Amino acid sequence: MPSASILGGIAGPDLSRAERDFFRDADPWGFILFGRNVETPDRLRRLTADLREAVGRDAPVLIDQEGGRVQRMRAPHWTDWPAPLDQAGRGERAVWLHHHLLAQELRAVGIDADCAPVLDIARPETHPFLRNRCLGADAATVTRLGRAAADAMLAAGVLPVIKHMPGHGRAQVDSHKDLPVVEASLADLEAGDFAPFRALSDLPMAMTAHIRFTAIDQAPATASAPVVALIRERIGFDGLLMSDDIGMQALSGSLAERAAASIAAGCDLVLSCNETLPQMEAIVAAAGPMTPRAEDRGRAALALRRAPADRDIAGLRAELAALGGLAA
């Protein structure tokens, strides 16, 4: 049987019996972790093992670990990383080191996919919730540094999830709280916002943006068949496409309706981050099982997981510290 078209979250640092039973029956494709799930390395390592045991396979475990405000694993057990835009100012090597060392920390506790790098372009109008999470203020810089970040994570055995497709940088409101509306022309979007995603379209996984692009459709990108078709055809991304968190207020309707709309638009997976078990039951039912094409994309992504490269981690940390990208 195909897995459910969902990436699910859990309530705390340990997998409860009820959650274990739910995941065993629902069989989500993978899992997403947050700060509420993170305590000590040993406890986190046990949690990732328990999640995989619940579904009886080596399911992917994802997290948002970018640096700056968006990092679920922090000191004293893990590194507090600078924001990506700050690291980008130190150059390509600093970006590679940042993402490689970060990914090594993830892989050591059983996390094998990171919702990063952000390929959105930082603009003067970009909302503060997003701006310093970007890697640059122009498409060429974001493309170059985004590739470095993705390659660094892959070398550490962690799959990158590029976001927020097809581009979030023009948004002037926080999509966690409201629906951003972007009125740029399709020509302007093609020349700027879409360009980094097109250049990195060979990567295995991507996340959508909860943004309405009036030049394309009136529905948010996550729930828009025309936008997803553009992602597939004009941007050329044929990897595994997941929604951003369907609990965000940029989307309307019930959680089940949001899930169904995302899958109907062409997303392969629905990201459910903060829902209760009854809510996730409704989401699973609405999203349904993965399509054969989505399963193929999922297998292709997971085939890129590999053991971390054998590197001198202490030496790499010292090099990043010398570049100013890590506290000595």
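Colleague: Before we start, what should I keep in mind about the numbering and the model?

Modeller: Residues are numbered from 1 along each chain as its sequence is written, and side-chain values use heavy atoms, with hydrogens and water left out. The model is predicted, and local features need pLDDT of at least 70, side-chain atom pairs count only at pLDDT 80 or more, while totals for chains, interfaces and linings use all residues.

Colleague: Which strands make up the closed barrel, and how do they pair?

Modeller: First the terms: helices (H or I, at least four residues) and strands (E, at least two) are DSSP runs numbered from the N terminus, and two strands pair if DSSP finds at least two bridges between them. Here eight strands close a barrel in the order β1-β2-β3-β6-β7-β9-β11-β12, with parallel pairing.

Colleague: Let's take β1. Is it buried or exposed?

Modeller: Buried means under 20% relative accessible area, exposed over 50%, and partly exposed in between, using a 1.4 Å probe and protein chains only. Strand β1 (residues 4–8) has five of its five residues buried, so it is largely enclosed by the rest of the structure.

Colleague: Which strands does β1 pair with?

Modeller: It pairs in the parallel sense with strand β2 (residues 28–33) over three bridges, and three bridges also join β1 to β12, again parallel. On the β2 side, Ala 4 has Pro 28 as its bridge partner and Leu 7 has Gly 30. Leu 7 also stands opposite Leu 271 in β12.

Colleague: How do I read the handedness of a β-α-β unit?

Modeller: Point the strands away from you: a crossover is right-handed if the path from the first strand over the helix to the second runs clockwise. In this model β1, helix α1 (residues 17–26) and β2 make a right-handed unit. Another right-handed unit is made by β11, helix α10 (residues 255–265) and β12.

Colleague: What surrounds β11?

Modeller: Strand β9 (residues 205–208) is joined to β11 by three bridges, running parallel, with Ala 206 opposite Leu 241. Two bridges join β11 to the parallel strand β12 (residues 269–272), where Leu 271 stands opposite Asp 245. Six of the six residues of β11 (residues 240–245) are buried, so this strand is largely enclosed by the rest of the structure.

Colleague: Which residues touch the most other members of the largest nonpolar core?

Modeller: A nonpolar core is a set of buried Ala, Val, Leu, Ile, Met, Phe, Trp, Tyr and Cys residues joined through side-chain atoms within 4.5 Å. The largest one has 52 residues, and Trp 29, Leu 62, Met 165, Met 205, Leu 241 and Met 242 touch the most other members. Apart from that core lies another, of 48 residues, among them Ile 10, Leu 33, Ile 263 and Met 280.

Colleague: And what does Met 242 contact?

Modeller: Contact means heavy atoms within 4.5 Å. Leaving aside neighbours within four places in sequence, Met 242 has contacts including Leu 7, Leu 62, Val 161, Met 205 and Leu 269.

Colleague: How are empty spaces found?

Modeller: Rolling a probe the size of a water molecule over the atoms shows where empty space is left. On a 1 Å grid over the protein atoms alone, a cavity is a set of points where a 1.4 Å probe fits but cannot get out, and a pocket is an open set with protein on both sides within 12 Å along at least five of seven lines; lining residues have an atom within 4 Å of a point. Grid points are joined across faces, edges and corners, and a volume is the space filled by probe spheres set on the points.

Colleague: What is the volume of the largest pocket, and which residues are closest to its centre?

Modeller: Its volume is about 290 Å³. Of the 20 lining residues, Asp 64, Arg 72, Arg 133, His 176 and Asp 244 are the closest to the centre. Strands β7 (159–165) and β11 each supply at least two residues of the lining.

Colleague: Finally, are Gln 104 and Glu 105 buried or exposed?

Modeller: Glu 105 lies in helix α4 (residues 92–107) and is buried, at a relative accessible area of 17%. Gln 104 is placed in helix α4 too, and counts as buried at 15% relative accessibility. Beyond neighbours within four places in sequence, Glu 105 contacts Met 73, Trp 78, Thr 79, Trp 81 and Arg 317, whereas Gln 104 contacts Ala 156, Pro 308, Ala 309 and Ile 313.
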